[in-house]
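Keep the viewer open and follow along.

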Amino acid sequence: MPSALPIADPAPADGLITPWAAAGSAAGPGAAPAAGDVPFGVYVHVPFCRVRCGYCDFNTYTASELRGVRRDDYAGHAVREIEWAATVLDRSGVPRRPVSTVFFGGGTPTMLPASDLAMILRAIDDTWGILPGAEVTTEANPDSVDAASLETLRAGGFNRISYGMQSAVPHVLATLDRTHDPLRVPVVVDLAKQQGLDVSLDLIYSTPGESLADWRTSLDAAIACEPDHVSAYSLIVEDGTAMGRMVARGELPAPDDDLAADMYELADQVLGDAGYSWYEVSNWACGDAHASRHNLSYWKGHDWWGVGPGAHSAVAGTRWWNVKHPAAYANRVLSGESPAAGRETIDDETRYVERLLLAARVRGELATSEIRQEARGRVAGLIARGLVDGSAAVRGRIDLTLQGRLLADAVVRELLD
């Protein structure tokens, strides 16, 4: 089942927020920006999947789990939230900014007709305006698109697609409960390129039973597709998932941390040799122009509105998350009530900690000057231990080395203590 929502303050039915500038903020590291001074994006959560993968704890639902709501109605519900969002921002005194990135995630957004996704995108444009050249992405499974749907997506304003490849090895896909044929991946990559779409491939490593040779096979298969971008995430076995129960019962081995580190190092080597550069700990792009601008917006602390069941938002220092089940979400938006289940206001200390946690993962993003004075002296020790790049530090940046990327959280803890 999907993971539980965070415990936080109740969300008001009117959804109104108090922007940073009105709440007040001290100067210095972690200080809040003025409302409206940061870029703005939109995330649309489409919570539908054909089957539930055993490792997944995302907020997704198969047809049998929908109970009281139809998938065909979802696009209309999302549009209602987008229209309602305009009223909330206006009444809260938060300037409506044009959208620089849009990302449809899930679930499997392409379980919906491509025309429905385009309709939601039009509503975003009508409400906020989408900047010229904005990045507009949808996730997709390799078996959930065809030439016609990709053409509709491109005509509707999408310019990027992220395929859930995960692996090219059948026994690894079987362990992950992925149902697509790995031979389908190069076919749909080519179809997307024919439409002029940027293509990203998502991979997962350290699956129980996966060998280093298996992982090399998947990397080679991904590179052979010549995508613009590759994400590679180490599998985390979450409590409450089918895989978590199997590991707890001893039916599957738990992922091996040492093997996972070897797999990460192999990914960095193989992708680097193929012309991909890392720009975030788990992401490589074929040139900076192909880095995921939407994901970078999260790591850089930009604002975004999250549309859909269970979606999270962060606007002007307030964060909230919607009710999870599509039926509960539909009831809220159709009644004109906030779909939020809970919310929190971010103070300067939290913002400072999160800035270091996220920005340190991005190459060239964290300036030494952003670290509090009492912690800057620790940078030299991190350089000496091979965790931080010395030449970048001379230029005033904190860039992780390969070893530092493997120990990114430890690096940040040292800078925070």
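## Cysteines

Cysteine 53 is buried, at a relative accessible area of 12%; buried means under 20% relative accessible area, exposed over 50% and partly exposed in between, with a 1.4 Å probe and protein chains only. The closest cysteine sulfur to that of cysteine 53 belongs to cysteine 56 and lies 6.4 Å away, too far for a bond. A disulfide here is a pair of cysteine sulfur atoms within 2.5 Å, and by this rule the count comes to 0 disulfides.

Cysteine 225 is in no disulfide either, as its nearest cysteine sulfur, in cysteine 286, is 14 Å away. Cysteine 225 counts as buried, with 11% relative accessibility.

## About the model

This is a predicted model, in which local features need pLDDT of at least 70 and side-chain atom pairs count only at pLDDT 80 or more, while totals for chains, interfaces and linings use all residues. Residues are numbered from 1 along each chain as its sequence is written, and side-chain values use heavy atoms, with hydrogens and water left out.

Let's turn to the strands. Helices (H or I, at least four residues) and strands (E, at least two) are DSSP runs numbered from the N terminus, and two strands pair if DSSP finds at least two bridges between them. Strand 5 (residues 198–205) runs parallel to strand 6 (residues 229–234), and 6 bridges join them. Within this pairing, isoleucine 204 stands opposite tyrosine 233 of strand 6. Together with helix 7 (residues 212–224), strands 5 and 6 make a right-handed β-α-β unit; right-handed means that, with the strands pointing away from the viewer, the path from the first strand over the helix to the second runs clockwise.

Strand 6 also pairs with strand 8 (residues 283–285), this time in the antiparallel sense, over 3 bridges. There, valine 230 has tryptophan 284 of strand 8 as its bridge partner.

Which residues does serine 92 touch, not counting residues up to four places away in sequence? They are Leu16, Ile17 and Pro19, where contact means heavy atoms within 4.5 Å. Serine 92 lies in helix 2 (residues 74–92) and counts as buried, at 11% relative accessibility.

The axes of helix 3 (residues 114–128) and helix 4 (residues 147–155) come within 9 Å and cross at roughly 10 degrees. Axes are lines fitted to C-alpha atoms, for helices over the stretch in contact, and angles run from 0 to 180 degrees between N-to-C directions. Helix 3 and helix 4 are therefore roughly parallel to each other, since angles under 35 degrees count as roughly parallel, over 145 as roughly antiparallel, 65 to 115 as roughly perpendicular and the rest as oblique. Ala114, Ser115 and Leu117 of helix 3 make the contact with Ser149, Thr152 and Leu153 of helix 4.
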